[in-house]
Amino acid sequence: MSSTEAIAAGASAEAIQHHYDVGNAFYRLWLDPRLLYSCALYEEGDDLERAQVRKLDYHIRESGAAGKDRVLDIGCGWGALLNRMVSAHGVREAVGLTLSQEQADYVRATARPEVEVRLEPWQEHKPEAPYDAIVSVGAFEHFADLEQTPEEKIEGYRHFFRTCHRFLKPGGKISLQTMAYGDMPRDRKHSDLFIAEEIFPESDLPRLADIALASEGIFQIELVHNHNQMYARSMREWFDNLRAKRDEAVALVGEDIVKRYERYLRTFSYSFELGAFLLYRITLRRLDRAQLT
Amino acid sequence: MPDSKATIAQPHTEDAIRDWLVAYIAKKTNTPADDIDTDVTFDRYGLDSAVAIALTGDLEDHLGRRLSPTLPYNYTSIDAMAAHLAAGGS
């Protein structure tokens, strides 16, 4: 049915959204059952699902969240990390922030009662009480845009770290996961603007030095892993899954969107394999005598 | 045993792969195919890393097998790449 026919027939808002939003059903075709849409953490013998759960447990462990009262997940996606904290690691209250209405609705409908999801940016979040730990996986990529100068980017990241400092109890930690630029000259313009415009609008990636500068004097960096080859593998598994379910995907969202995602997943897989993009997992500990200027 | 010949796809010969690469580079660089020199390096045609990555992906679909993104960095001319791929390399 074309959109014009649907509107003429008095289609519900839900029907229009179902038609136009890429939507959870599409991602369900090629992500793991928990809909984890960021780099997995592989050990020998892991399949994608097992490696995704290992990634969740890693961030819960690194942030020191296990057994704590209140934990914040900035960019909570479909809520798998929140659920894992309260179901397997004894966290009593897990709060997630997302900007996606579809994700917020999904978490509200499926998550355990100890989980709260809020449709708001971290800049506007007003915690009822301080948090014991913060996790943020696959959100930092969206904190800067292509129009910003290097100084503006770092100031934006610094605002994020200052905000996390304010949210955290003394000694609290952040476990942060983000894509970053690797072996790519700083002065190079984005020759493949497709990525910037079609896949991640208004987003630019950090470099490790940006994160170090932006958190200096506010957090101390305890641990840095670069797992770019693991992201090459995650992206390739998603690509293979999408190819295997291609007919279903086209029926759901159309040929153009499927092609766009195939191109994005394979291009990114190559870029991670080549080291043009890197994948950092960084543990930062709150400096309790920080100079917050 | 059933005759398996009917199910085996036509092999991608070195010549066929070379022709495919010539046509691809010609199209990407708006150059007549006759002017493409198969033994000069790709960078002579102004191919940057974004095009190199796109080429590898399109080659995967053409050959129907997984390839390494290091391919255009290790085999830097049409002739070298065609010989490598025809020999079953990735």
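Mentor: In chain A, 73% of the contacts between residues at least 6 apart in sequence join residues at least 24 apart; two residues are in contact if their C-beta atoms, placed from the backbone, lie within 7 Å. This is a predicted model, in which local features need pLDDT of at least 70, side-chain atom pairs count only at pLDDT 80 or more, and totals for chains, interfaces and linings use all residues. Residues are numbered from 1 along each chain as its sequence is written, while chains are lettered from A and ligands numbered from 1 in the order in which they are written.

Trainee: What makes β3 and β6 of chain A the edge strands?

Mentor: The open sheet runs β3-β2-β1-β4-β5-β7-β6 in chain A, with mixed pairing. Strands β3 (115–119) and β6 (219–226) of chain A each pair on one side only, and are its edge strands. Strands (E, at least two residues) and helices (H or I, at least four) are DSSP runs, numbered from the N terminus.

Trainee: How do you know that β5 and β7 of chain A pair?

Mentor: Pairing requires at least two DSSP bridges between two strands. Strands β5 and β7 of chain A have nine, in the antiparallel sense. M179(A) stands opposite L279(A) in β7(A).

Trainee: Why are I78(B), M81(B), A82(B) and L85(B) said to lie on the same side of α4(B)?

Mentor: These residues of α4(B) are buried, that is, 20 or more other C-beta atoms lie within 10 Å of their own, C-beta atoms being placed from the backbone. They cover an arc of only 100 degrees around the axis, which puts them on the same side of α4(B); the arc is that of the directions from the helix axis to the C-beta atoms.

Conventions. Buried ≥ 20, exposed ≤ 12 C-beta atoms within 10 Å, placed from the backbone.
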